[in-house]
Amino acid sequence: MKKTILITGGAGFIGSHVVRLFVNSYPDYDIVNLDALTYAGNLDNLTDVADKPNYQFVKADITKEKSIADLFTRYSFDGIIHLAAESHVDRSIADPLAFIRTNIIGTINLLNAAKIQWNGNFEGKRFYHISTDEVYGSLGKDGMFTETTPYDPRSPYSSSKASSDMLVRAYFHTYNLPVVISNCSNNYGANQFPEKLIPLAINNIKNNKPIPIYGKGDNIRDWLWVDDHARAIDLIYHQAKNGETYNIGGINEWTNIDLIHKLCEIMDEKLGRVKGESAKLITFVTDRAGHDMRYAIDSSKLQRELGWTPSLQFEEGLEKTVDWYLANEIWMEHITSGEYLKYYENQYANR
Ligand code: NAD
Ligand code: DAU
């Protein structure tokens, strides 16, 4: 059935994979990709779908109430899949306010626009908010985050995402807005901006630069292949009940240091280096302030209710990711010239 779906943040890492999946899987849907094209947004991520008849791009900033309201007078949306956000924890430590603006004010602007447009007629409508496992805080050695784990965000980034989740729930309870939320673990794969651990390390290894490991490298993250996240979003968008929350995770916990050693092994092989050469670049640096120790996601609800499972083993996914970055040097060069150099200098100079 013909539908118009707004995807926000579609020029970013995860958003671009979601846009591609929806444009290709649903020729009957009109997909409108709204993105402000911040440093993290990149239309080069979407060149393969840019000319498809069911795809349109709109450059707009979700913090600007009027431009969002105007957009909702131009289009009649059946669904909103909201990914636009400031997403990097280190940047949130340096500049929390940018995260409050985009992640909280931006989200409420979209909620208000949807509420006004749908005006109580919610049949076939859906507001899907994409969130993070970081809202649950930090785990010790044992346990996993479930959908009922109390929120305990500890960085400006996770606090802003937790606030936006709360607002989305408030619109469900107060105005019956048909919402769903998912909270996902760390994604990896093609097109991730090289401020995040895996692409940053790939880029540095390739260029023989130090690989900065915060603290002792014993923090644990649960890594998920980005296309598996996109598939989960598709299922949840189409099948979840209003008001539900789903956790999405890779069942794939790695300490940062073990992950980087694995990546170095793959890079040695791909770059024809002697075994152990890339690992010599590992450099322990000052820890991230308030660094969450461990994340682990229990995604059994999503598996049980909607039949989702992660598709890739981590080693295979990591190798595919390395292959993608090595085959897309121009993509990386565009991104790492200019503004990125300034960010990198500020972030790592005195660690
Ligand atoms: P990203 O930083 O790669 O992309 C964010 C996108 O949002 C960019 O295209 C950017 O231009 C756009 N954007 C930022 N501010 C905007 C604004 N004010 N108006 C309009 N567009 C704006 O982020 P990502 O890693 O793809 O994450 C996408 C979403 O998924 C975020 O909501 C994030 O919290 C969530 N998430 C990310 C991960 C992860 O591992 N990366 C895991 C779980 C959840
Ligand atoms: O868990 C989901 C979250 O995963 C998402 O909500 C965030 O948007 C996403 O950025 C990611 O957050 P992390 O902080 O876990 O990702 P990042 O890649 O920044 O860091 C992963 C781990 O690696 C973390 O323990 C910090 C560490 N690290 C990171 C960088 C950039 C380093 O040791 N060195 C680095 O240079």
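Ligand 2 is surrounded by 23 residues, of which D133, Y157, R288, H291 and Y348 are the closest; a residue is counted as near a molecule or strand if one of its heavy atoms lies within 4 Å of it. The structure is a predicted model, in which local features need pLDDT of at least 70 and side-chain atom pairs count only at pLDDT 80 or more, while totals for chains, interfaces and linings use all residues. Residues are numbered from 1 along each chain as its sequence is written, chains are lettered from A and ligands numbered from 1 in the order in which they are written, and side-chain values use heavy atoms, with hydrogens and water left out.

Among the polar contacts of ligand 2 (pairs of N or O atoms within 3.5 Å; within protein, one must be able to donate a hydrogen and the other to accept it, and residues adjacent in sequence count only if both atoms are side-chain atoms), an N or O atom in the side chain of Y157 is 2.6 Å from an oxygen atom of the ligand. A polar side-chain atom of N186 lies 2.8 Å from an oxygen atom of ligand 2, and a backbone N or O atom of P212 lies 2.8 Å from a nitrogen atom of ligand 2. On its own, ligand 2 has 690 Å² of accessible area, and the protein covers 95% of it; such areas come from the Shrake-Rupley method with a 1.4 Å probe, and for residues only the protein chains shown count as cover. Strand β8 (residues 211-214) gives the most to this shell, with 3 residues, where helices (H or I, at least four residues) and strands (E, at least two) are DSSP runs numbered from the N terminus.

Around ligand 1 there are 30 residues, and I14, D35, S87, Y157 and K161 come nearest. An oxygen atom of ligand 1 is 3.1 Å from a polar backbone atom of F13, whereas a nitrogen atom of ligand 1 is 3.0 Å from a polar backbone atom of I62. A backbone N or O atom of N187 lies 2.8 Å from an oxygen atom of ligand 1. Taken alone, ligand 1 exposes 840 Å², and the protein buries 96% of that. At least two residues of the shell around ligand 1 are supplied by each of α1 (13-25), β2 (29-35), β5 (126-132), α5 (156-175) and β7.

Strand β7 also belongs to an open sheet of 3 strands, ordered β7-β9-β11 with mixed pairing, two strands being paired if DSSP finds at least two bridges between them. Because β7 (186-188) and β11 (253-255) stand at the edges, each with a single partner strand, one side of each is left without a neighbour in the sheet. From one strand to the next, the twist averages 50°, the axes being lines fitted to C-alpha atoms, for helices over the stretch in contact, and angles running from 0 to 180 degrees between N-to-C directions. Strand β7 runs parallel to β9 (residues 220-225) and is joined to it by 3 bridges; the bridge partner of N186 in β9 is W223.

A second open sheet is formed by 7 strands in the order β3-β2-β1-β4-β5-β6-β10, with parallel pairing. Its edge strands, β3 (55-59) and β10 (245-248), each pair on one side only.
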